[in-house]
Amino acid sequence: MPSVTYISAAGSETAVAGFAGDSVMETAVRNGVPGIVAECGGSLSCATCHVFVCADSVFPPMEDLEDDMLDGTAVDRESNSRLSCQLKLRDTDIRVTTPETQV
Amino acid sequence: MRTGTLIIGACQAGVQLACSLRELGDTDPIVLVGEEPHAPYQRPPLSKAFLKGEATADSLTFRTHEFYTEHNIELVTRERIVSIQRDADGGEATAESGRRFEFARLALTTGAVPRQIPFEGSELEGVSYLRSITDAALFERRVHTAQNVVVVGGGFIGLEVAAGTCVVGKTVTVLEAAPRLVGRAVSEATSAFYLAAHRRRGTRVVLNAQVSRFLGQHDRVTGVELASGDVIPADVVLIGVGVIARTELADQLGLAVDNGVVVDASALCSDGLTVAAGDCTNLPNPTPKSSATPGGIERLRLESVQNAVEQAKVAAATLLGLPAEYSTVPWFWSDQADLKLQIAGLSGGHDQIVLRGDPETEKFSVLYYRAGQLIAADCVNRPLDFIAVRAMLHSGQQLPADRAADLSLPLKKLAASAVETAPAVPVLIGK
């Protein structure tokens with residue numbers, strides 16, 4: 001099982017065990033990890049599951065809609081910004097930082 | 001000794017309320033009770049991804065069982081509360097099974113049920129409604145083997161289901177009683193677009209369709225007869241004509257009920273003790289004062305994920321005696337085939353619309369104005385417009401109607417430049 005570590009904007013870390021195929025967003029929400037809101041439940045409608053992906057974690061490139069939505073996040077996007085509902089876990093461990101706010 | 005909170009309705013609002021109580025530091029017992037056999041799950045995908053096999057009961061679950069245990073939230077499934085007695089210090093709720101639940105604080109998140117229409121033949125096998133995961137699983141099985149699918153009701157649920165089931169080899173027909181689709185939620189321009197878009201994708205849509213009865217053979221539905229005399233063949237029928245708030249328990253408690261459990265801006269019911277949140281409530285329009293204009297809606301029901309979540313947060317604070325007022329820009333979404341509709345704000349009472357983009361391209365927004373002020377937008381495959389409008393409605397920032405159609409700049413930029421050129425607002429110094 002891949003482990004997902006969520007680092008808050010203040011620096012505190014929460015690690016949870018995820019399942020391959022689940023998204024980084026689903027894994028956070030199901031385990032009550034703060035910092036990811038995901039109002040729309042993963043349908044790419046709300047841009048409230050914004051994360052910054054740490055350098056050691058790799059995901060396939062994003063599609064256009066995700067790219068567009070990232071322009072509307074509460075905290076401005078950076079080069080490593082992704083919407084965590086689009087990040088599917090595989091068998092490797094993942095680390096992401098959550099922004100100060102999502103709404 | 002009565003302690004703790006009882007939340008009736010193990011749904012999106014109920015789960016949020018329980019979680020928010022813990023986040024706010026409440027350490028008293030919390031019992032979350034629901035009548036369904038499943039742990040609480042997301043409902044929106046039931047009419048979308050679930051029908052296409054892209055979501056399962058497991059993947060839709062909100063929280064793990066470990067989460068509830070760790071946070072000392074007792075989740076009770078398969079118990080339907082049928083009576084409640086309470087006074088200022090708390091009370092007791094009784095389930096159909098006879099099981100009793102004592103509480104000091106009470107929250108109602110009882111949701112809504114599909115509106116049923118007593119057509120002749122409604123009892124035939126194959127006539128379906130869609131609210132729970134059990135409904136969705138049954139409907140999905142029926143659709144799997146069906147040749148002819150008929151959807152009664154051209155609202156969001158009906159159109160999402162039609163889009164999800166309209167695959168090669170099946171005939172899908174949407175019957176809408178009104179002269180246009182999604183008439184209660186969007187403008188004529190958006191309705192006209194959806195009519196054309198669904199027809200392009202192979203769905204038959206009949207407007208002004210008055211269903212008179214369902215026809216059947218051997219207790220199974222075989223067709224839908226219209227008042228015109230036409231018969232639409234059907235192996236399965238989905239009725240999606242809106243929902244009715246579940247208010248039986250509120251009625252029993254003597255709470256004010258008027259098309260939903262009447263609550264104030266702090267999610268408090270008329271007894272000043274019980275709170276309610278989500279689809280079951282009738283609430284004051286939460287639109288921030290900065291972007292509210294005269295002539296807007298005063299009270300309403302909001303059937304949305306956002307409302308379930310945000311109102312539940314307010315309800316949790318209110319239960320703990322903390323000051324809280326519900327203020328937000330309502331928003332909604334509907335995914336139909338590859339069309340992503342996002343609606344920001346409430347368009348009721350608009351007196352002007354601006355079309356941004358060409359509906360023929362299937363990427364456009366309809367912006368609604370009242371008295372010159374932007375109040376809402378329907379955005380089809382234009383998520384950035386949606387996000388920009390939502391932000392403007394939150395902040396009260398204006399977007400002049402004569403500039404909103406300019407596709408050469410993102411809305412966010414148009415609003416920002418409007419501010420720079422806006423007439424200076426007098427500033428009061430020293431009050």
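Predicted model: local features only at pLDDT ≥ 70, side-chain atom pairs only at ≥ 80, totals over all residues.
Domain bounds here come from an automatic or database domain assignment.

**Stop 1: the domains.** Colour chain B by its three ranges: domain 1 is 5-113 + 244-319, domain 2 is 127-241 and domain 3 is 338-421. Now pick domains 1 and 3 of chain B: their centres, taken over C-alpha atoms, are separated by 32 Å. Where the two meet, 9 residues of domain 1 of chain B are in contact with 12 residues of domain 3 of chain B. On the domain 1 side of that meeting place you will find 2 nonpolar, 7 polar and no charged residues.

**Stop 2: helix α1.** Next, select residues 12-23 of chain B, which form helix α1. Its 12 residues should span 16 Å at 1.5 Å a residue, and because its end C-alpha atoms are 16 Å apart, the model agrees. Is α1(B) mostly covered or mostly uncovered? Mostly covered, with 10 of its 12 residues buried; among them are Gln12(B), Val15(B) and Cys19(B). Show what surrounds the helix: the buried residues of α1(B) pack against β1 (5-8), β2 (30-33), β3 (73-76), β7 (105-108) and α8 (305-319) of chain B.

**Stop 3: the core.** Select Leu17(B), Val151(B), Val237(B), Ala276(B) and Ala315(B), the residues with the most contacts inside the largest nonpolar core, which has 157 residues. The largest share of this core, 9 residues, comes from α8(B). Finally, zoom in on Val151(B): leaving aside neighbours within four places in sequence, its contacts include Gly158(B), Val172(B) and Leu238(B).

Conventions:
Residues numbered from 1 in each chain as written. Chains lettered and ligands numbered in written order. Helix = DSSP H or I, 4+ residues; strand = E, 2+ residues; numbered from the N terminus. Expected span 1.5 Å × (residues − 1). Buried ≥ 20, exposed ≤ 12 C-beta atoms within 10 Å, placed from the backbone. Contact = placed C-beta atoms within 7 Å. Core = buried A, V, L, I, M, F, W, Y, C linked by C-beta atoms within 7 Å. Nonpolar A, V, L, I, M, F, W, Y, C, P; charged D, E, K, R; others polar.
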